[in-house]
Amino acid sequence: MNESARSFQGIYKAHRSGFLTVFFSLFFLLLTAVPVFCQQSDTLQVSSGAQAEEGAPKPDSTKSEFIRQVQQIGHDEYLRSQDKFEGRKVYLKQHQLIGELKSENFKLKGLLNKGVDQQRIRRKLIEFQQLVPVVLERIFPDASDFQTDRNVTVSASIFREMLDELVEEKTRVDLFASTFRHSLYRIDSIYAEKDLYLFPPDSLQTRQYAFLLSELNNEIKPVEDSVKTFSSKLDSLQTSINALVFELNNHLENLELLRKNLNEASFEDEIPKDLTHPFFTKSLSDAFSFSYTKEKYALAFYLKLRESRLVVLVFLVLASWIFLANLKKRTVNLHEIDEHDDGKVVLKLPFLSAMVIVLGFYQFFFINPPFIFYWLIWLLASISLTIIFIGYLNRFWMFFWICTVLVFLIAGITNMLLLPTVTERYLIMGLSLFGILFLVFTVLKKQNRQLKEKRIIYFIYLMGLFEFISLMMNITGRFNLAKSFLLAGYIGIVVGILLLWTVRLVNQGLSIATKIYHNQERELFFINFNKLGNRAPGIFYTFLIVGWGALVGKNFYRFTQISESITAFLTADRMIGSYQFTINGLFVFLIILFVAVLISRLLSIFSAEPEAINSPEQRKRVSFGSWLLLVQIFVISLGLFLAFAASGIPLDKITIILGALSVGIGLGLQGLVNNLVSGLIIAFENTVKVGDLIEVEGKPGIMKSIGFRSSVVNMFEGSTAVIPNGDLISKQMINWTTGKGRKLSLVVGVAYGTDLELAVRLLKDVIANDLRIRQVPVPRVVPLEFSESSIEIEITFWLANYMDYPFVKGEVISKIDLTFKANGVRIPFPQRDLYLKTVPENLNPTTPENDAQNENQG
């Protein structure tokens, strides 16, 4: 047994490098141990008594010693393998950590290089801090003075715009700081890993690892030095921004409280009784100079934050100008334009008409602008409309409009005066009195029948009512209310007229374009006027009425309070179970879905009202309508995603809804889904496009549109067929456009004895001279068969245009008939020859009775 153990240990020492070596060693040990056991067993059987007396080892003790040695060897090998595995794991972990350190260091270096423009932001902070006292000037005067609502409103507007700009900077800085600090945290977390500081037992590996760490330290050290300085500056910048944001919010709250107090006392007498009060001694020029500074800041800050919308405004004006200019050019070429025609005023000056239309609609896309911004827009639109009116309106209404615009101009300048003066009070009183007298003058003239827009008279009456209220408020000392009603009256009439004429000019442009343009053209942006219609949609009128009311109502604090109350109600958080939502979020959800569906429907404006596509070149230039289904699905899907994102509805709730929908689809919506998928297959495979000439169940038509559920085909019979998309795929549909033309076969019979070579040559000449017949494939004229009364010749050729089929067939038949007559070729008609073997006597012409009968008849 000792010899066997020594043999196993020698083999183990020589082959202890792996598990397979241990296995083979154990196997060899077992082979050497078996003879020993057998020998010991025989010896025990012969002299068991003697061996027992001499104290020889027993079989059980020998086996136990062997098993113990084998187990010890296995345990030692396990410990060595475990140490080796742990070392390898530490090695891999260390290199992984070093790689992550290098990656994060590279990202951090990029952040430091990119950074934020701290100098620019600090200059802006200094500018805002210097501007705060300027904005607050004359806001909190002595108790003996009284404040104007306009001064508080403009000051609050400046602070609000400063805050909006500062919040944008704060958002960018906070996002950058969060990314920067997260990167630092990630680096620190890697440095905190214990495995990074474990060195291998081998001296060579330790030296290599130490060298690797040294290189890493040299790479990271410069970045760490920069981080210390940069981090402190970034913290300081965030602190400064947050402090100024808090200060601006505090000022805004104070101004809102001051405005609330002013309007609660608006029905009290605000005019001072002391004639030495600054109200009576202050000059109008001082008030104008003070007001100019604040209004300039309010306009500058607002325009700076809305640069992208101003670019869109300019683009829309240019696009509308190009549209109207091309429309005018076409009408001039057709000799249909008359600048004095009520229906063509829009084409008199296309650029100014574009200004009126775009400014009229796009002004509502600027949210909460200062009054000076609205005033400039209305002034530009009014001047443009005035120039358009020259030579169009009669003298009375032209005089009325010019006076209205001039008074509106003065009233707007008066409204921008922020410090109250006695001169301004008298100016407001004079403007109010002028409005009242102007109303009386207009009514007495009785020129209503000459109005181009009859609804303008309502705005005139409303203007007179507001001016009367303003005059009464002014006389009784309600300065702020008098100013508000004065401006509301003139804004109401000017904006009302502008909006009415905006819709009128749009309707004129659409009406003219619908009459003139029957096909889509690049100059008119490929708009399909047959689908667009000749009038603006009815929703535009509702939109403009609501917009007009909002523009007039903004002059009153009560309107602002009501709108803020509605906003607070809509934005208040509500709970249903664990789901938190706001009514505003639900409205946003519905509005985005509505807009997505509306855009999807409006896209059809740019799809052609198809005509037959007769060539591959035309098919390559096929209209937008062939891709309309895919674009509509994309728009609706994007709108649905944005609606869920904007409303804050959690995505896990969506999965429940989709699961329920899948059950519904499986049970009852199979047909709808089948048609939708079939429509997608048609659009992707491009087997048929809008404008293709197709044949369904033997009836030809032109593909008009491919929709979600069904496709529309204009049949040649005059009807419009709505065919489910699933039927277009499952049933046989013939596409003549993608084929090589329409095959036409004719069979012509010639009499027996006709020169067939001559007949074939004549037929080939007939079809060769027709340009509507394609030469490839080559037309074929061959004798077909012998029929009962003629030799039939088959003529086969291809038409390039399916629509020419009945006309070409008729003309070819006519030409064949004329050509055969001219060349002596006879086309026989069906006939039979009758041969009688026996002739009845009464029919025999040679009998005497017949001869006598013939003579009597003669």
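These legends describe close-up views of a predicted model.

**View A. Helix 5 packs against helix 7.**
The two helix axes lie 11 Å apart and meet at an angle of about 25°. Angles under 35 degrees count as roughly parallel, so helix 5 and helix 7 are roughly parallel to each other. Their crossing is left-handed. From helix 5, the contact takes in Q118, I121, R122, L125, F128, Q129 and V132. Helix 7, residues 203-264, answers with F230, K233, L234, S236, L237, S240, I241, L244, E247, L248 and H251. By class, the residues of this contact divide into ten nonpolar, five polar and three charged.

**View B. Helix 9 packs against helix 12.**
Helix 9 covers residues 284-305, and helix 12 covers 371-389. Their axes are 8 Å apart, and the packing angle is about 80°. Angles of 65 to 115 degrees count as roughly perpendicular, so helix 9 is roughly perpendicular to helix 12. On the helix 9 side, E295, L299, Y302 and L303 make the contact. They meet I372, F373 and L376 of helix 12. This contact has six nonpolar residues, no polar ones and one charged residue.

**View C. Helix 15 and the glycine after it.**
Helix 15 runs over residues 456-475, with 20 residues in total. From first C-alpha to last, helix 15 reaches 29 Å. That is close to the 28 Å expected at 1.5 Å a residue. Buried residues in helix 15 include I456, I457, F459, I460, M463 and G464. Further along, F466, E467, S470, L471, M473 and N474 are also buried. An α-helix has 3.6 residues a turn, so residues three or four places apart point the same way. G477 follows helix 15 and has a positive phi, near 90°.

**View D. R138 in the loop between helix 5 and helix 6.**
R138 has a phi near 65°. That is a positive value in a residue other than glycine. R138 is partly exposed, with a relative accessible area of 41%.

**View E. N368 in the loop between helix 11 and helix 12.**
The loop joins helix 11 (350-362) to helix 12 (371-389). Phi of N368 is near 50°, again positive in a residue other than glycine. The relative accessible area of N368 is 55%. Exposed means over 50%, so N368 is exposed.

How values were computed: Residues are numbered from 1 along each chain as its sequence is written. This is a predicted model: local features need pLDDT of at least 70, side-chain atom pairs count only at pLDDT 80 or more; totals for chains, interfaces and linings use all residues. Side-chain values use heavy atoms; hydrogens and water are left out. Helices (H or I, at least four residues) and strands (E, at least two) are DSSP runs, numbered from the N terminus. The expected span of a helix is 1.5 Å times one less than its number of residues. Buried means under 20% relative accessible area, exposed over 50%, partly exposed in between (1.4 Å probe, protein chains only). Axes are lines fitted to C-alpha atoms, for helices over the stretch in contact, and angles run from 0 to 180 degrees between N-to-C directions. Angles under 35 degrees count as roughly parallel, over 145 as roughly antiparallel, 65 to 115 as roughly perpendicular and the rest as oblique. A crossing is left-handed if the near helix is turned anticlockwise from the far one by less than a right angle, and right-handed if clockwise. Contact means heavy atoms within 4.5 Å. Ala, Val, Leu, Ile, Met, Phe, Trp, Tyr, Cys and Pro count as nonpolar, Asp, Glu, Lys and Arg as charged, and the others, Gly among them, as polar.
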